[in-house]
Every structure is written in C-alpha cells, then in structure tokens.
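Subject: Structure handover

Hello,

Here is the structure you asked to take over. Please open it first, then read the notes that follow.

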Amino acid sequence: MQVYYGCYLLQSLTNVRRTLNRTYIGFTMDPRRRLRQHNGEITAGAHKTKRWRPWQMILCVWGFPTKVLALQFEFAWQHPNICRHVRDRVSHLGFCKLTRNGKQCPVLGVMQNIQVLVEMLKTAPYSKLPLRVHFIDEGAWAELPKLPAAAGLPTHMSFTHGSFDHLERLCAESMMAMPVTGSECAKCSGLLQPGERLVSCPHCECPLHLSCAAQIFTKETSQLMPDQPGNCPKCTRTTEWPVLIRSARRLSTSPSIPEAQVAAEAAETDTEDEVQIIDSETQSTLRARSTKRASLDAGCAKAPKAPKAPKAPEAPEAPELPSPVTPSPKPAKAEDGPEIERPLAPRLRDRLAMRLGGGLVI
Ligand SMILES: [Zn+2]
Ligand SMILES: [Zn+2]
C-alpha cells in the first residue's frame, strides 16, 4: 500500500504589509487536513504559523517512496544554501543566501520558493525520484512555464493543477490494485506471495519483484541508483527506473479486506501519526527534530548544530531507511554521509537488491 508523503508550500494571506511574501514549507501525509491545521480550523499543531493566518496552499510535491525521503526533501527546500546537493544549483539565485553565521536566510515569496523547487527537482538525488507536483494555486500554476529553469525538468515527473479533490483522485489512482496472489514475476517466474514488494511494467503491466527489477536496472554495474533505462523482461519495452518505481507496492497480506478499506485505515493511522508529531512540537522536541533533520540531510555540509536530544517523533521510521537514494541518517558530519553516487563493490549487489526491496515500499 502506497501512502501519501508530501511537502507543501504555503503563502500567508494576512493583510499586514510585508507579510504577503511570507511562505512556509512543510511535510504532511494529508495536505487538506494540514492546511486546516495551519488555519486553526482543526486544533492541534501548526503553532509556528499561527501568527500569519490565514494561509493558502500553493502546491504539493508528492510521490516520495518513503517518509524519510520526504523529510529530507523538506529540509533541503527550507535550507537550499545549506544542503550540499542543492547549494550550487541555487547559487545564481540572488534571493538564496546564508546569514553571517552560516544559517539559511528564509527564502521569501512564492515564486522564489518555486524556483528553488525547480532547481531541486533537476538535481540528483531528487531528479531520480518519482515525484509529482500538484499546484492548487492558479496563479502559481500559470507562472510555472514562464520560469526559464522549468524547461529542463525531468520528463518522468508530472505536473498537475487542480483542487484537493483532484489531488486525492490522483493519489487514489496511484494506489491502483496490484495483481492477485499467485501471479508470476516476469523475471524470475516465482509466484507472487502476500507481503512481497512489487513493481509493474508501465507498458504491459506485468508484475516484477522489486528486487528482480533492481537487478534488471543495475545490470552488471555496481551503481547504487540506476540511471540508465531498463527493458521489461516480458514486453522488452524500455522504462525509466523512476517511472517503474512509482508503481512500487506491497502485495496485500489480507486479500479479503477491500482495497478501499485498507486505504482508509492506512490514511487514518498516518494522520494520527502526523498530528502526534505536531502536538509534540515543544521547544525541546523542536530541537530534537532539527537535530534529526540535520542528520537526515546527509548532504548538508553545514547542518545546524543542536544539542543531543531525545529521539524525535519520526524516529520509528529510521529502521526503514535504506533505499537507493537515501544515505543512512547517521547523526554525523556531512562528510561521513554515504555518497549516493558512490559505487558499490559487486559483492554488495545482492545486499543492494535487498535494500531496494526493503526501503522503497511502504
Ligand atoms: Zn522475481
Ligand atoms: Zn512490459
């Protein structure tokens, strides 16, 4: 079951002068609900943004294979000059600056934050993720094609425009039902078992074990993240890895439960989880959170230093971390973070297949 993990951009609509440019970038599993929290329609959470209510949601970036990846993306979008992957890409943007103390100056303005987003989407590792961007704000959507940088956006990413209802429909479609237990993997011909992680060819829809698909794409090379297209073992048509991985799902272990019910239950749990995170945003957990964020962003050379703090609420996610584009979230110096592009020794390839299988699907 795939779950919605997304980052979003808000704009304050408050009438006080100089706050029209105030924006906020956050992470959520339920954008509609999160906006209501920011606007105080639902109690719990969003205290940081209380002062500049009301807010409108400009856009959501979604399709992150894991929550950790979404949180990393959120951190990088909030700190483009600090994140190693992004800082060179945004260096030409005059509004992206560091303070004298080496901290990120907030990027003000909707289009400014969208420009940072566009640069991020064109930069590895984000450019290899199966991301989608959904614009809720008509004005920003109309401005997007006018950005010179928008021309080179990765072709596998999709850009849509519409209401929250539209976004939810897109999300539901992405959770389409998978083949039933008993179908065969198109590569190894093994019978698909409940609980296994699968992807399906976008052309012929044949199912593949995620680990089998990873073997097809990494071929004889030792690369960690496939960057060449691969061929479907059944229809032989060429597919980009991010497109294939977008279909990643776990075969249901309870086929008797209707799909919609499973989806509803999953959504509910996630929402509670999100609310819990927000509820616990006291000063100390904020510090803990920032520590964790810093460690999450293994690409940050100047990760904010924060005192050792108790586990952040997101901590339970940590064991699920391994994925082809996510270095382990070691609370260490940036230089210690494993490079995504770093080649793996061939003997690690089998482990890689397991990691691919273990980290990409919820
Ligand atoms: Zn297989
Ligand atoms: Zn195929």
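Which residues of helix α1 (residues 31-38) are buried? The model is a predicted one, and in it the buried residues of α1 are Pro31, Arg34, Leu35, Gln37 and His38. Viewed down the axis of α1, these residues fall within an arc of 155°, so they line one face of the helix. As background, an α-helix has 3.6 residues a turn, so residues three or four places apart point the same way. After α1 comes Gly40, which has a positive phi, near 75°.

Now the chain as a whole. The chain has 362 residues, of which 40% are buried. Its secondary structure consists of 11 helices and 10 strands. Among contacts with a separation of 6 or more, 71% join residues 24 or more positions apart.

Next, the sheet. Five of the strands form an open sheet in the order β2-β1-β3-β4-β5, and the pairing is mixed. At the edges stand β2 (23-28) and β5 (158-161); each has a single partner strand, so one side of each is left without a neighbour in the sheet. From one strand to the next, the twist averages 20°.

One residue to look up is Tyr8, whose bridge partner in β2 is Gly26. Helix α4 (residues 110-121) packs on this sheet and touches β1, β2 and β3 (55-62). The direction of α4 makes about 45° with that of β2.

Regards

How values were computed: Residues numbered from 1 in each chain as written. Chains lettered and ligands numbered in written order. Predicted model: local features only at pLDDT ≥ 70, side-chain atom pairs only at ≥ 80, totals over all residues. Helix = DSSP H or I, 4+ residues; strand = E, 2+ residues; numbered from the N terminus. Buried ≥ 20, exposed ≤ 12 C-beta atoms within 10 Å, placed from the backbone. Contact = placed C-beta atoms within 7 Å. Pairing = 2+ DSSP bridges. Axes fitted to C-alpha atoms, helices over the stretch in contact; angles between N-to-C directions. Arc of directions from axis to C-beta.
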